[in-house]
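Subject: Structure for your review

Dear colleague,

Please find below the structure that I am handing over to you. My findings follow it.

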Amino acid sequence: MKLHEYQSKQIFSRYGIPIPKGRVAATANEARHIAEELGGRVVIKSQVLVGGRGKAGGIKVAKDPAEAEQFATQILSMEIKGLPVRKVLVDEAAAIEQEIYLGITNDRAAKKPVIMASAAGGVEIEEVARTNPEKIIKLHIDPLLGIKDYQTRDVAAGIDLPREYWKPFGEILKGLWQVYNDNDATLAEINPLVIGKDKRLIALDGKMLIDDNALFRHPELSEMRDTDEDAPSEVEARKYGLTFIKLDGNIGCMVNGAGLAMASMDILKFFGGDPANFLDIGGGAGADKVAAAMRIILADPSVKAILFNIFGGITRCDEVARGIISALAEVKPQVPMVVRLVGTNAEQGRQLLSNANMLTAETLFNAAQQAVEVMKGNANEHPRQ
Ligand code: GDP
Ligand code: MN
């Protein structure tokens with residue numbers, strides 16, 4: 001889950017990281033009032049969940065409240081990379097001497113969090129990463145030990161930060177680590193962290209990604225979710241606790257278990273099929289969950305067939321079958337469906353389903369092959385416009 005800049009900066013601030021004074025506004029009039037309160041120059045910043053807002057014209061410095069209102073009007077009517085701007089952040093403008101990049105993310109290969117820092121921060125950091133990767137220094141963190149003073153000094157020295165800033169920089173870096181660690185973030189990033197003309201360090205921009213799987217222990221962060229960027233089907237799935245990702249193919253998949261879902265997709269592809277989604281209904285899913293999953297899959301008009309791949313471990317296959325059948329009564333799908341059931345009471349489950357006119361298979365191999373065949377048949381009967 002992505003957080004907006006203003007949300008990330010509010011969190012930063014709670015951990016002692018200095019941020020500009022400012023507030024978020026949903027109308028140009030509000031933006032004007034905030035600018036009046038702040039006095040002086042302000043920066044109007046679009047709050048959308050994509051990068052590169054500056055380059056897209058979504059960030060403007062205004063000299064007075066009238067100009068703040070005018071820029072806010074413009075920016076609130078923009079779309080940036082397909083996302084409509086619904087809010088702007090109005091911050092005191094900073095006079096910048098240098099822009100630094102500072103971020104913490106997961107280094108999966110090293111199995112550790114990693115600090116990344118560069119003296120060449122700002123809007124060109126991706127370019128720097130491509131053309132001059134040596135200008136970005138990296139330092140791993142042992143999550144049990146956290147960040148030690150010598151490490152903050154290593155990073156400061158590594159980006160040639162003038163000595164006078166080492167202490168406040170160290171505090172910011174430690175704060176950023178706490179932000180990252182306490183909130184189960186997979187990214188906590190300040191770009192730019194600026195050295196101001198007033199000789200102070202301040203976080204002008206903020207970005208955080210939160211691990212979705214850890215959200216259950218951060219209800220206050222879950223509430224911050226902005227669903228504007230998500231596909232409606234993914235929002236609906238989340239309500240039912242389903243793990244759902246929409247894909248571009250035309251065979252809907254309903255599977256219990258993420259590994260099984262991946263294997264199903266691979267085998268579909270092997271037979272020349274193309275999955276329409278990734279969906280894990282999880283263990284012990286009841287009829288309501290199965291029905292929700294079926295509605296979500298069928299809401300996608302490109303779906304021409306559905307493949308069920310259910311492994312009954314503790315879950316009994318006959319129960320899953322009953323769940324599917326009661327869901328059928330409610331959803332009344334018009335596409336062919338192939339079910340592969342294996343495990344406890346699989347025999348009874350298959351019997352129940354074939355009585356309900358569903359195609360059943362004993363192996364995933366057969367089921368995937370059948371799903372691709374019936375998909376082709378159905379696609380020929382109902383060609384897309
Ligand atoms: P991003 O483009 O989405 O990463 O948005 P940022 O918040 O990082 O802003 C992009 C750029 O706008 C920064 O790198 C700065 O150069 C500039 N900028 C942002 N805020 C201010 C400010 O208060 N004063 C000045 N002078 N420039 C700013
Ligand atoms: Mn930025």
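In what follows, two residues are in contact when heavy atoms of theirs lie within 4.5 Å. Please bear in mind that this is a predicted model.

I begin with Asn-256, which sits in the loop between β15 (251-255) and α9 (258-270). Leaving aside residues up to four places away in sequence, Asn-256 touches Asp-280, Ile-281, Gly-282, Asn-309, Ile-310 and Phe-311. With Phe-311 there is also a polar approach: a polar atom of the Asn-256 side chain lies 2.9 Å from the backbone oxygen of Phe-311. Asn-256 counts as buried because its relative accessibility is 12%, and buried means under 20%.

Finally, I turn to helix α2 (residues 28-38), whose buried residues are Ala-28, Ala-31, Ile-34 and Ala-35. They lie on the same side of α2 because they cover an arc of only 115° around the axis. In general, an α-helix has 3.6 residues a turn, so residues three or four places apart point the same way. The buried residues of α2 are covered by elements including β2 (22-25), β3 (42-46), α3 (65-76) and β7 (88-92). After α2 comes Gly-39, with a positive phi near 70°.

Yours sincerely,
A colleague

Conventions
Residues numbered from 1 in each chain as written. Chains lettered and ligands numbered in written order. Predicted model: local features only at pLDDT ≥ 70, side-chain atom pairs only at ≥ 80, totals over all residues. Heavy atoms only, no water. Helix = DSSP H or I, 4+ residues; strand = E, 2+ residues; numbered from the N terminus. Buried < 20%, exposed > 50% of the residue type's maximum accessible area, 1.4 Å probe, protein only. Polar contact = N/O pair within 3.5 Å; in protein donor to acceptor, adjacent residues only side chain to side chain. Arc of directions from axis to C-beta.
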